[in-house]
Amino acid sequence: DERVRRRFLDAYRPEHTSVIEVEGAAVGLFAVRPEPDERWFEHLYVDRDHQGRGLGGGVLEHVLRADDPRPLRLNVLQGSAARRLYERRGFVVEREDDVDVWMVRS
């Protein structure tokens, strides 16, 4: 938990962050950080009461539809159910360690 919290705080940039809303209520957030040769999909968080309803997949589809030819990269914690979401959307593993899995979609 501490590593996840520290990662968020170290990388958080409000200018790259969007709020996920359902019926006017904030239920999550995500960020897309642009780099010169790639983009990073970061910090996808959905409130527990709203998980399992397709919000994360909808957000990811929205980001993937952007007219941007750069690869989209992300990292996900080992054992996270979100990895299946990313694999279903065409992300492949680049590398992994005991804690993280780094993935990319070209």
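Analyst: I would start with strand β6, which is mostly covered, since five of its six residues are buried; buried means under 20% relative accessible area, exposed over 50%, and partly exposed in between, with a 1.4 Å probe and protein chains only. Please keep in mind that this is a predicted model, in which local features need pLDDT of at least 70 and side-chain atom pairs count only at pLDDT 80 or more, while totals for chains, interfaces and linings use all residues. Residues are numbered from 1 along each chain as its sequence is written, and side-chain values use heavy atoms, with hydrogens and water left out.

User: Which strand pairs with β6 over six bridges, and in what sense?

Analyst: That is β4, which pairs with β6 (residues 100–105) in the antiparallel sense. Helices (H or I, at least four residues) and strands (E, at least two) are DSSP runs numbered from the N terminus, and two strands pair if DSSP finds at least two bridges between them. Within this pairing, L72 stands opposite R105 and L77 stands opposite D100.

User: Switching to β3 and β4, do they run parallel or antiparallel?

Analyst: They run parallel and are joined by two bridges, with R39 standing opposite L72 in β4.

User: What handedness does the β-α-β unit of β3, α2 and β4 have?

Analyst: β3, α2 and β4 form a right-handed unit; a crossover is called right-handed if, with the strands pointing away from the viewer, the path from the first strand over the helix to the second runs clockwise.

User: OK, the core. Which residues touch the most other members of the largest nonpolar core?

Analyst: Of its 17 residues, these are F41, L60, L72, L74, Y86, F91 and M103. A nonpolar core here is a set of buried Ala, Val, Leu, Ile, Met, Phe, Trp, Tyr and Cys residues joined through side-chain atoms within 4.5 Å. The elements that give two or more residues to this core are β2 (25–34), β3, α2, β4, α3 and β6, and α2 gives the most, with four residues.

User: While we are on α2, is L55 buried or partly exposed?

Analyst: L55, which is placed in helix α2, counts as partly exposed because its relative accessibility is 22%.

User: Now the largest pocket: how much space lies in it?

Analyst: It holds about 1,000 Å³, and among its 31 lining residues L44, Y45, S80, A82 and Y86 lie nearest the centre. On a 1 Å grid over the protein atoms alone, a pocket is an open set of points where a 1.4 Å probe fits, with protein on both sides within 12 Å along at least five of seven lines, and lining residues have an atom within 4 Å of a point; the volume is the space filled by probe spheres set on the points.

User: Which element gives the largest share of the lining?

Analyst: β3 does, with seven residues, and the elements giving two or more residues to the lining are α1 (2–11), β3 (39–46), α2 (55–64), β4 (72–77) and α3 (82–88). By type, the lining divides into 15 nonpolar, nine polar and seven charged residues, where Ala, Val, Leu, Ile, Met, Phe, Trp, Tyr, Cys and Pro count as nonpolar, Asp, Glu, Lys and Arg as charged, and the others, Gly among them, as polar.

User: One last thing on backbone angles: what is phi of H43?

Analyst: Phi of H43 is near 55°, a positive value in a residue other than glycine. H43 lies in strand β3 and counts as buried because its relative accessibility is 12%. E23 has a positive phi as well, near 50°, but E23 lies in the loop between β1 (17–22) and β2, and is exposed because its relative accessible area is 82%.
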